[in-house]
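Subject: Structure for your review

Hello,

Here is the structure for you to look over. My notes on it follow below.

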Amino acid sequence: MSSDTQTVAVTEANVLRRAADFLELAKPRVVLMVLITAFVGFYVGSAAVPNYLELLQMLFGTALAAGGTLALNQYLERDTDSVMERTRHRPLPDGRLQPREAAWFGTLITLAGLIYLALAVNLMSACVTAVITLSYLLLYTPLKRKSSLCMLVGAVPGALPPVIGWVAARGTLTVDAWVLFAIMFLWQVPHTLAIARLYRDDYAKAGIRFLPVIDPDSGSTDRQIISHSAALLAVSLLPTLLGFAGTIYFVAAFVLGMGFLVSGVRLAMNSTLLRARRLLYASLIYLPVLLLIMALDRVR
């Protein structure tokens, strides 16, 4: 192999490595979950035959804005990430990308996503997405090192993606959209607390004040998990009662909700890492299955 060929190969490898680092900044797995919830909001909120071109446009703009917001979050939390074992190998704390690069990347694709939504979908979907970005970066992110209330504040932007889909399809906010928001909001509390319980020592080392960090005996944590899981069980039945999901969904929501609640109660009865991990797995099964059945059993 000639020296020129070797140089080209090395250059291509470096480009691919940097591209992979920028992609990691955007947290594609989290973006995928955002897109799933936005898709369900659009699909459930659509008429009998959804506008699939508009759906794709909504998903594209949402993906850009979500990825950019998550990249900016990593930019803001680069010092904290360097302390924690689970995050110290991310591109910024590991030195594979420079902070200025991450800031520009996050800003540009966030703005691109918001502008695209406003022009290709509708202004309301862009506004809801902007609320997610601003509340996530300006409220939730700095609050994580100040108060355990960060969990509830962070649940707001995390619960809004299905609302993006709904307003993209309907062009207006209705009670149904807020029910989707409530389901997402209530689900996030036990989900986040399970993660915080698993990585309590890591979060404590970084000064992040999630509830399990400042509640070593887990009393308040257990109460929050059980109360929000019970509320989730009740609220998840509303789509059928309000008439935008069918009986199959109602039965599935009840069964899934009971299983999720039982997982939370078991953790409260014996707060071990194993049971926290089981609650986390239950949350990761609960949400996509619930949303899938809601979409399949929507009332057209």
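Which residues of H8 are buried? They are Pro161, Pro162, Val163, Ile164, Gly165, Trp166, Val167 and Ala168. Buried here means under 20% relative accessible area, with exposed over 50% and partly exposed in between (1.4 Å probe, protein chains only).

Before the rest, two notes on the source. This is a predicted model, in which local features need pLDDT of at least 70 and side-chain atom pairs count only at pLDDT 80 or more, while totals for chains, interfaces and linings use all residues. Residues are numbered from 1 along each chain as its sequence is written, and side-chain values use heavy atoms, with hydrogens and water left out.

Helix H8

H8 covers residues 161-170 and is mostly covered, with 8 of its 10 residues buried. Helices (H or I, at least four residues) and strands (E, at least two) are DSSP runs, numbered from the N terminus. The buried residues of H8 pack against helices H2 (28-45), H3 (52-76), H5 (99-121), H6 (123-143), H7 (150-159) and H9 (175-198). Contact means heavy atoms within 4.5 Å. After H8 comes Gly171, with a positive phi near 80 degrees.

Helix H14 and its two partners

H14 (residues 247-269) packs with H15 (residues 273-296): their axes come within 9 Å and cross at roughly 170 degrees. H14 is therefore roughly antiparallel to H15. Axes are lines fitted to C-alpha atoms, for helices over the stretch in contact, and angles run from 0 to 180 degrees between N-to-C directions. Angles under 35 degrees count as roughly parallel, over 145 as roughly antiparallel, 65 to 115 as roughly perpendicular and the rest as oblique.

On the H14 side, the residues in contact with H15 include Ile248, Tyr249, Leu256, Phe260 and Arg266. From H15, Arg275, Leu279, Tyr286 and Ile293 are among them. By class, the contact of H14 with H15 has 16 nonpolar, 4 polar and 2 charged residues. Ala, Val, Leu, Ile, Met, Phe, Trp, Tyr, Cys and Pro count as nonpolar, Asp, Glu, Lys and Arg as charged, and the others, Gly among them, as polar.

H14 also packs with H12, at an angle of about 170 degrees and with the axes 9 Å apart. This makes H12 roughly antiparallel to H14. H12 contributes Asp222, Ile225, Ile226, Ser229, Ala230, Leu232 and Leu233 to the contact, and the H14 residues include Phe254, Met258, Leu261 and Val265. The contact of H12 with H14 divides into 13 nonpolar, 3 polar and 1 charged.

Cavity and pocket

How many cavities of 30 Å³ or more does a search of the whole structure find? The search finds 1, and the largest cavity has a volume of about 30 Å³. On a 1 Å grid over the protein atoms alone, a cavity is a set of points where a 1.4 Å probe fits but cannot get out, and a pocket is an open set with protein on both sides within 12 Å along at least five of seven lines; lining residues have an atom within 4 Å of a point. Grid points are joined across faces, edges and corners, and a volume is the space filled by probe spheres set on the points.

Thr37, Val40, Gly41, Pro162, Leu180, Met184 and Leu291 line the largest cavity. H2 gives the most to this lining, with 3 residues. The lining of the largest cavity has 5 nonpolar, 2 polar and no charged residues.

The second largest pocket has a volume of about 160 Å³. Its lining includes Glu77, Arg78, Asp79, Lys144 and Arg145. H4 (78-83) and H6 are the elements that give two or more residues to it. This lining divides into 4 nonpolar, 2 polar and 5 charged residues.

Single residues

Most residues other than glycine have a negative phi. Lys27, in the loop between H1 (3-25) and H2, has a positive phi near 50 degrees. Lys27 counts as buried because its relative accessibility is 17%. Ser218 has a positive phi of about 70 degrees and is found in the loop between H11 (211-214) and H12 (219-235). At 5% relative accessibility, Ser218 counts as buried.

Glu24 is in H1 and counts as partly exposed, at 32% relative accessibility. Glu24 touches Gln74, His89, Arg90, Pro91 and Arg96, not counting residues up to four places away in sequence.

Regards
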